[in-house]
Amino acid sequence: MNILVIAELHEDSLRKSTHSAVTFAKNVGAPFSILVLGSGADKAAQEAATFGAQKVLVADDASLKDPLAERYAPVIAQVAKAGNFDVVVVTASSYGKDIAPRVAAKLGAGYATDISGVKNDGGKLTFKRPVYAGNAFGYCEIQTPVKVVSVRQSEFAAAEPSGGASPVEKIAVAAADPAAARVEFVSLEAAKSERPDLGEAKVIVSGGRALKERFAEVLDPLANLLGAAVGASRAACDAGYAPPELQVGQTGRVVAPQLYFAIGISGAIQHLAGMKGSKNIVAINKDPEAPIFQVADYGLVQDLFTAVPELITELKK
């Protein structure tokens, strides 16, 4: 069995989400290669070469300068076929969710999404997937010769460099898929912030609708002090107190930081689905019956507008 890990890039570097896909490959216990494609792939390949892959494949072509799935998917399928890879894996980020179905269609492969575990029984792979907002798990197998999977980043610890350097091999990019010619990349509008990305932050400070218009006023000082990312509940985003890109939950970002602050968040099922994998959860809520306390490691029943300033004062000492 051979596994092809699809790397995700950001500013010429590997995103940490890629490390989780590498961990999946190592958990399977089969040889794996890493495909790095897109603008800046040559530089990112040097980092990818430190994870113990059989080889690192690099596709740095002018046709891949724009992050269009319609251009990337044919290249990935081409590499998977040429290398006789049995499994193609990508992290279930926005990038992965965009790419993987297209790759599966081009390969005629079965596709398992958002998996949280894998078991290899003599070459027979069984995938574990969360269902019912993570309140239960299902198990599935893919019967096609080639399998495409996306893995949940919060369930696979980030792989660490294993020492040594894998050989790096450049690959030629075939002619563009006809579908790509009908798609135009206009622009990318990304939120600029000095804070860590939600999916990669070790500490996240999240707020709920109870913060109202004082959302940033209350949370930003604590986040700045901790070097944390800021998150929000769906209710806070729907009410306009926080931008939608900060939403944590089943319909937002799924995160698993070392420390997660849930401030003024009641703990709706869809929010818990996105953060209950956090290593340490601190909840601050004036309602002692709030569901968030059922998953919290530390809970404080107090008015957040009093508790958070007091916490900041203590941390500054």
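Trainee: Let's begin with K212: in which loop does K212 lie?
Mentor: K212 lies in the loop between β13 and α6 (215-226). Helices (H or I, at least four residues) and strands (E, at least two) are DSSP runs, numbered from the N terminus. Do keep in mind that this is a predicted model, where local features need pLDDT of at least 70, side-chain atom pairs count only at pLDDT 80 or more, and totals for chains, interfaces and linings use all residues. Residues are numbered from 1 along each chain as its sequence is written, and side-chain values use heavy atoms, with hydrogens and water left out.

Trainee: Why is K212 called partly exposed?
Mentor: Buried means under 20% relative accessible area, exposed over 50%, and partly exposed in between (1.4 Å probe, protein chains only). K212 has 48% relative accessibility, so it counts as partly exposed.

Trainee: What makes the phi of K212 worth a look?
Mentor: Phi of K212 is near 55°, a positive value in a residue other than glycine. Most residues other than glycine have a negative phi. D114, also not a glycine, has a positive phi of about 55°, and D114 lies in strand β7 (residues 110-115).

Trainee: Why does G199 count as buried?
Mentor: Its relative accessibility is 18%, so G199 counts as buried. G199 is placed in the loop between α5 (178-181) and β13 (203-207). Beyond its neighbours within four places in sequence, G199 is in contact (heavy atoms within 4.5 Å) with Q153 and R253.

Trainee: What makes α3 mostly covered?
Mentor: In α3, 10 of its 14 residues are buried, including Y72, I76 and V79. The covering elements include β1 (3-6), β4 (32-37), β6 (87-91) and α4 (94-107).

Trainee: What makes a set of residues a nonpolar core, and how many residues has the largest?
Mentor: A nonpolar core is a set of buried Ala, Val, Leu, Ile, Met, Phe, Trp, Tyr and Cys residues joined through side-chain atoms within 4.5 Å. The largest one has 33 residues, with I3, V5, F24, I34 and V149 making the most contacts inside it. Helix α1 (residues 16-28) gives the largest share of this core, five residues. Apart from it lies another core of 27 residues, among them L4, Y72, F85 and V90.

Trainee: What makes a space a cavity rather than a pocket?
Mentor: On a 1 Å grid over the protein atoms alone, a cavity is a set of points where a 1.4 Å probe fits but cannot get out, while a pocket is an open set with protein on both sides within 12 Å along at least five of seven lines; lining residues have an atom within 4 Å of a point. The largest cavity holds about 40 Å³ of space, and I6, I76 and V149 are among the residues lining it.

Trainee: And what lies nearest the centre of the second largest pocket?
Mentor: Of its 20 lining residues, Q153, A158, E200, A256 and Q258 lie nearest the centre. The volume of this pocket is about 460 Å³, where a volume is the space filled by probe spheres set on the grid points, which are joined across faces, edges and corners.
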